[in-house]
Amino acid sequence: MKELSLHILDVAQNSVAAGATRLELALSEDAAGWLTVTITDNGRGMAPEFLSRVTDPFTTTRTTRKVGMGLALYLLAAQQTGGTLRLDSTPGQGTAVTAVFDRKHLDCPPLGDLASTVALIIQGSPELEVHYRHTTPRGTAELSTPELKAVLGEDISLAEPEIFTWIKHDLSEQEAQLEGAAQ
């Protein structure tokens, strides 16, 4: 995967597959150039023995193939920048995946299209409670589906194409303001 947003999408899809009803996506950048990406869910969680080998590409819960490259590639992406990947999971309570990247490192992948990624997660699982927050020294971009649902009402699904477009546009503007503040 060439962008961090694709890794985020992959981990979020794993959360949905694990039965999560709540997903928190938190990105935090510091002034020194370190980026921490934390994805937390309240899904099934993982047993300690599975958790200990989950970054092995030949460990997967899939039944259609015996290879699961997502977390292995995410770990490699973090390590190539001098960063780390940490997984915390409790069966029946959920999982937290925390990756740290040195954004100044030559091998650090670009963030990618975070707005489209978050909008796609929401559209693909409109019942999922999603909390997104990207904090930098320049400001914060954020979105919360419970707040959206409170404004839109229960009759409007977050899977509607118009809602997808609005979410993508709103987050794109917020992210652009963060980038614009850096210049």
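Reader: Where is the place of Thr98?
Author: Thr98 sits in strand S4, residues 94-102. Strands (E, at least two residues) and helices (H or I, at least four) are DSSP runs, numbered from the N terminus. This is a predicted model, in which local features need pLDDT of at least 70, side-chain atom pairs count only at pLDDT 80 or more, and totals for chains, interfaces and linings use all residues. Residues are numbered from 1 along each chain as its sequence is written, and side-chain values use heavy atoms, with hydrogens and water left out.

Reader: Is Thr98 buried or exposed?
Author: Thr98 is buried, because its relative accessible area is 9%. Buried means under 20% relative accessible area, exposed means over 50%, and partly exposed lies in between (1.4 Å probe, protein chains only).

Reader: And which residues is Thr98 in contact with?
Author: Leaving aside neighbours within four places in sequence, Thr98 is in contact with Thr36, Val37, Thr38, Thr84, Leu85 and Arg86. Contact means heavy atoms within 4.5 Å.

Reader: How many residues of S4 are buried?
Author: In S4, 9 of its 9 residues are buried. Gly94, Ala96, Thr98, Val100 and Asp102 point one way, while Thr95, Val97, Ala99 and Phe101 point the other way, and all are buried.

Reader: Why do they point in two directions?
Author: In a regular strand the side chains alternate between the two faces of the sheet.

Reader: Which strands pair with S4 in the antiparallel sense?
Author: S2 pairs with S4 in the antiparallel sense over 8 bridges, and S3 pairs with S4 in the antiparallel sense over 7 bridges. Two strands pair if DSSP finds at least two bridges between them. Ile39 stands opposite Val97 in S4, and Thr90 stands opposite Gly94 in S4. S3 and S4 form a hairpin with 3 residues between the strands, where Gly92 takes a positive phi near 80 degrees.

Reader: What about S1: which side chains are buried there?
Author: Leu23, Leu25, Leu27 and Glu29 point to one face of S1 and are buried.

Reader: In which sense does S1 pair with S5?
Author: S1 and S5 pair in the parallel sense over 7 bridges, and the bridge partner of Arg22 in S5 is Glu129. S1 is also joined by 7 bridges to strand S2 (residues 34-41), and these two run antiparallel. Ala26 stands opposite Thr38 in S2. S1 and S2 form a hairpin with 4 residues between them, and Gly33 in the turn has a positive phi of about 100 degrees.

Reader: Let us change topic. Where is Lys104, and what does its side chain reach?
Author: Lys104 is in the loop between S4 and helix H4 (114-124). Lys104 counts as exposed because its relative accessible area is 64%. The side chain of Lys104 reaches the backbone oxygen of Ala32 at 2.8 Å.

Reader: How many residues of H4 and of H3 are buried?
Author: H4 is mostly covered, with 8 of its 11 residues buried; among them are Leu114, Val118 and Ile122. Helix H3 (residues 70-79) is mostly covered too, with 7 of its 10 residues buried, including Leu71, Tyr74 and Leu75. What covers the buried residues of H3 includes helix H1 (4-17), S2, strand S3 (84-90) and S4.

Reader: And Gln174, which residues does it touch?
Author: Gln174 is in helix H6, residues 161-182, and counts as buried because its relative accessibility is 16%. Gln174 touches Thr140, Ala141 and Glu142, not counting residues up to four places away in sequence. A polar atom of the Gln174 side chain lies 2.7 Å from the backbone nitrogen of Glu142.

Reader: Which elements supply the lining of the second largest pocket?
Author: Strand S1 (22-29), strand S5 (129-136), strand S6 (139-144) and helix H5 (145-152) each supply at least two residues of that lining. Glu142 is one of the lining residues, which also include Ala26 and Tyr132. A pocket is an open set of points on a 1 Å grid over the protein atoms alone, where a 1.4 Å probe fits, with protein on both sides within 12 Å along at least five of seven lines; lining residues have an atom within 4 Å of a point.

Note on methods
Polar contact = N/O pair within 3.5 Å; in protein donor to acceptor, adjacent residues only side chain to side chain.
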